[in-house]
Amino acid sequence: MPSESLRFETLEALKNSPKGKLNYSPDWLEKGEDILAGCVEVSSLSPLSGQILKRLSPRPLLKTRSLSSCVRDTSPEVSEGLSAGASVPISPRQISSPPPVSLHAEDDEQKAGEIQEESVVSPVASPPPAISVLSPRATQMAGCIRMCERKHKAKAKVELSLRLEQQERLVATVSSCESEQLKRYEELMELKQRQEYQSMRDMMEKETQESLGRQEKLREEHRHRMKILNLRLREAELERQRQVEGRERHRAINAIQEEVLQLNQLLQPRPSTQTDPALDHTPYITRGNQLCSQVSDVVPASADGQFPSVEDLTVAERALQEMRSLVRNLQGEEAQAAERKRKEQDEEEEKKKRHEELKAQQEEQKKTAARSAKEKAKKEGLQTGADESTLKWYSALQDAANQCAQACDELSRAKDTQTKKLKMELQKAATTPVSQIANISGAPLKEAFEKIDKLLSSRPVTSAGKTVSASQHPQGLEFVSYKLAEKFVKQGEEEVASNHSAAFPIAAVASGIWELHPKIGELILAHLHKKCPYAVPHYPPMERGTSVEDYQKILGYRVDDSKVEGQDSFLKRMSGMIRLYAAIIQMRWPYTGKQGPHPHGLNHGWRWLAQILNMEPLADITATILFDFLEVCGNALMKLYRGQFWKLILLIYEEYFPRIEAVTSTGQMGSVTRLKQFLETSLRTKQIPVPKCELGSAFFKS
C-alpha cells in the first residue's frame with residue numbers, strides 16, 4: 001500500500017536524523033541517573049560570559065579560591081568563557097540578549113554558532129585560563145545562572161514529559177493502527193485462505209463429480225458390453241445347440257437311410273419264393289423303391305454344411321415305419337405262402353399215408369398217446385401251452401386288429417400333402433389326451449376322456465389349436481381307433497412300467513372308452529397280447545424255420561439291429577403291461593350312465609390266474625407277472641371270490657411256488673423273493689393289501 005511505504009520511509013529518515021541517534025535508556029529512573037545526563041554531560045558558559053561579567057563589575061577580577069571553586073564546581077566552561085571574554089569587547093545588544101542555555105547539545109551548538117557569527121571578535125586559538133571572580137556580583141551572577149539552569153532543566157523536564165506523552169500516544173496510536181492493520185491483514189489472509197480452500201474444494205468436488213460421471217459412463221459402457229456379450233453368448237449357445245441337434249438329426253437320417261436300404265433288400269424275391277406264382281413282390285418292390293427315393297431326397301438337403309430339419313427327420317421316420325410295415329406284410333405273406341405250401345405237402349403226404357395201413361395205425365397210436373399225455377398233463381397242471389379256446393380268442397383278436405390296420409392302410413400310406421397333414425392331426429388328437437392321463441386327475445382327466453369320446457364319435461375336437469374330426473376321411477375312424485388302442489398299450493409299456501401309480505387313471509379312462517366303444521377294447525387286447533403274450537396267457541412255441549430274432553420278437557423282446565434288449569428292461573415292460581391289464585379289469589369310469597356289467601371284468605382276471613397256474617412256470621417271467629397281477633388286482637379278487645381266492649393263494653404257495661423255485665437260477669431270485677414275501681404276508685394276515693397307487697372316488701373329485 002502507498003501509505004505503508006511512506007510510513008516506513010519516514011521512520012527510516014527519523015532514524016538517520018541527529019535526534020534519532022540519541023541514546024535512550026528506559027531504566028534511567030531505577031538507576032538514579034539524570035534525565036539529561038546523556039544529552040549534556042558538563043554545564044558550561046559561553047565565551048561571552050567573561051565580557052558580560054567584566055562590564056557588569058568594574059572591579060578587577062581577583063582570583064579567589066572560593067569563587068574559582070564555585071565556578072569550577074558549576075562548570076569549567078564558565079571560567080573559560082570569563083577568561084576569554086576579558087579581552088573581547090561586547091556590544092550592549094549582545095549583553096542585553098544573552099543566548100539561552102539549551103538542554104540539548106545540538107541546540108547549544110546551533111545558538112553558539114549564531115553568536116559567534118554576530119561577534120566581531122575572532123576566536124582565541126587556545127582556551128583562556130581560569131578566572132577567579134571575587135566580587136559578590138559574580139557570585140550573584142553565578143547564582144542566577146544556576147537558577148536559570150534549574151529553570152531550564154524544569155522546563156526541559158516538562159517538555160520531555162510532554163514529548164514522552166506525545167510519543168507514547170503516537171506509539172499507542174501507531175500500535176493500535178498497526179494492530180488493526182495486522183488484524184485486517186490477518187482477516188484478509190484468512191479470507192484468501194478460505195477462498196483458496198473453497199476454490200480448491202469446489203475444484204475437488206468438480207473433479208469428483210467428473211470422475212463419478214466417468215465411472216458411471218464406464219459402468220454403463222460395461223453393462224452395455226456385457227449385454228452384447230451375453231446376447232452373443234446366447235446366440236452362440238443356441239447355434240451350438242442347433243448344430244448338435246442338426247448333427248443328431250443328420251446321424252439319425254443316415255441310420256434311417258441305411259436301415260431303409262437294408263429293408264429294401266429284404267423286399268427282393270428269394271430263390272425259394274420265385275417259383276411260387278401266388279406271391280407277387282412287384283408292389284412291395286415298387287413301394288420300397290419309392291420310400292428309398294423319398295429318404296434319398298431328404299438326405300441331400302443336409303449336405304454343404306446344412307442340417308436336416310425336424311420335418312425332414314419326420315418324413316424319414318415315416319418312410320422307415322412304412323418300410324418296416326412293408327417288410328412285415330411281405331414276411332407275413334411269405335409265411336402264409338409257406339404255410340399253404342406246407343399244407344399242400346402235408347395233404348400229399350396224408351394221401352400217401354392213407355394208402356399205407358401200417359403207417360395209418362402208427363399215426364393213430366401216436367395220436368392216442370399224445371392225447372393221453374395231454375390229458376395227464378392237464379390233470380397235473382403241467383400244460384406247456386394255452387387252451388384251444390384261449391388260442392381261438394387270441395387269434396380272433398389279432399385278426400380283428402389286422403383287419404382294422406388294413407382298413408386304414410390307405411390313410412396310413414397317404415402320399416399327398418393334405419392327406420398326410422390330416423393323418424398327423426388325427427394321430428395327435430388320438431394320442432395327446434392319452435399321454436396326458438398319467439399326470440392329471442379330476443376335471444382334467446374328465447376333459448381328456450371327453451376328447452377321446454368325441455373323437456371316436458366322429459365329432460370335431462380341438463388339438464394343438466386346430467379342429468379335426470374322424471369323419472373328414474372315410475378311413476379316419478379306423479385309423480383313430482387303431483392308434484388310440486396302440487397308445488393305451490404303449491402307456492402301459494412305458495409310463496406304468498416307470499410309474500406304477502399311473503396304471504389306475506389310464507385303466508379308468510380305457511375301461512370307460514371300452515364300455516362306450518367296444519371295438520376299442522378288442523383292439524387294446526389285441527395290441528396287449530401282441531406285445532405281451534403272457535397277458536393271454538400264451539407261451540408261443542418256436543416253429544420250424546423261425547429265426548431266433550423273430551422268435552424273441554414273438555415272445556415280446558425288442559430287437560434292434562440284431563441286438564436283443566436286456567432281461568431287466570424286458571421284465572420292466574412286461575410288468576407295466578400286466579399291471580395295466582390288472583387295473584383295467586377292476587376299474588370303472590364313474591361318470592358313465594350305463595349300469596351294466598364291466599366289459600372285461602374280474603372274471604377274466606380269475607380266468608387268467610387259473611390258466612397261469614395250469615401252465616408250467618417260466619424262469620423269472622412267471623414270478624414277475626404273478627406278483628404284479630396279485631399286487632394290483634389281488635384285493636379286488638379277494639373281495640369278490642373270498643374263500644375260493646384264499647384256496648387259490650394257498651395252492652400257489654404250497655404247490656406252484658416250489659415249481660417256480662425249481663426253474664429259477666441263482667441270479668434270478670429277485671422276483672421270486674418278492675412273490676414269496678407277498679404270499680407269506682397275505683396268508684399270515686388273511687388280507688391282501690390295497691395297492692398304494694389305487695385311486696378311489698376322491699381321485700375323480702379332486
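This note covers aromatic pairs, charges over rings and salt bridges in a predicted model.

1. Basis. The model is predicted, so local features need pLDDT of at least 70 and side-chain atom pairs count only at pLDDT 80 or more, while totals for chains, interfaces and linings use all residues. Residues are numbered from 1 along each chain as its sequence is written, and side-chain values use heavy atoms, with hydrogens and water left out.

2. Tyrosine pair. The whole structure holds eight aromatic pairs (rings of Phe, Tyr and Trp, the last by its six-membered ring, with centres within 6.5 Å; planes under 30 degrees apart are stacked, over 60 edge-to-face, the rest tilted). Y534 and Y539 make a tilted pair, because their planes stand at 55°, with ring centres 5.9 Å apart. Y534 is buried at 2% relative accessibility, and Y539 is buried at 9% (buried is under 20% relative accessible area, exposed over 50%, partly exposed in between; 1.4 Å probe, protein chains only). Y534, Y539, Y557 and F570 belong to one aromatic cluster.

3. Phenylalanine pair. F627 and F678 are edge-to-face, at 6.0 Å centre to centre and 90° between planes. F627 is in helix 22 (residues 621-641) and F678 in helix 24 (residues 669-685), so the contact ties together parts 51 residues apart in sequence. Helices (H or I, at least four residues) and strands (E, at least two) are DSSP runs, numbered from the N terminus. Both F627 and F678 are buried.

4. Charges over rings. The criterion is NZ of Lys or CZ of Arg within 6 Å of the ring centre and within 35 degrees of the ring normal. The charged end of R607 sits over the ring of W393 at 5.3 Å from its centre, and that of K686 over the ring of W646 at 5.4 Å.

5. Salt bridges. With a side-chain nitrogen of Lys or Arg within 4 Å of a carboxyl oxygen of Asp or Glu as the rule, the count is 26. Within helix 8 (residues 136-266), E180 and R184 lie four residues apart, about one turn; their closest N and O atoms are 2.7 Å apart. E180 is partly exposed at 37%, as is R184 at 40%.

6. Longer-range bridges. R324 and E259 form a salt bridge at 2.8 Å between closest N and O atoms. R324 is in helix 10 (residues 310-354) and E259 in helix 8, so this pair ties together parts 65 residues apart in sequence. K466 bridges to E425 at 3.8 Å, linking strand 2 (residues 466-468) with helix 14 (residues 417-436), 41 residues apart. Shared partners also join E493, K531, R558, E565 and R573 into one salt-bridge network.
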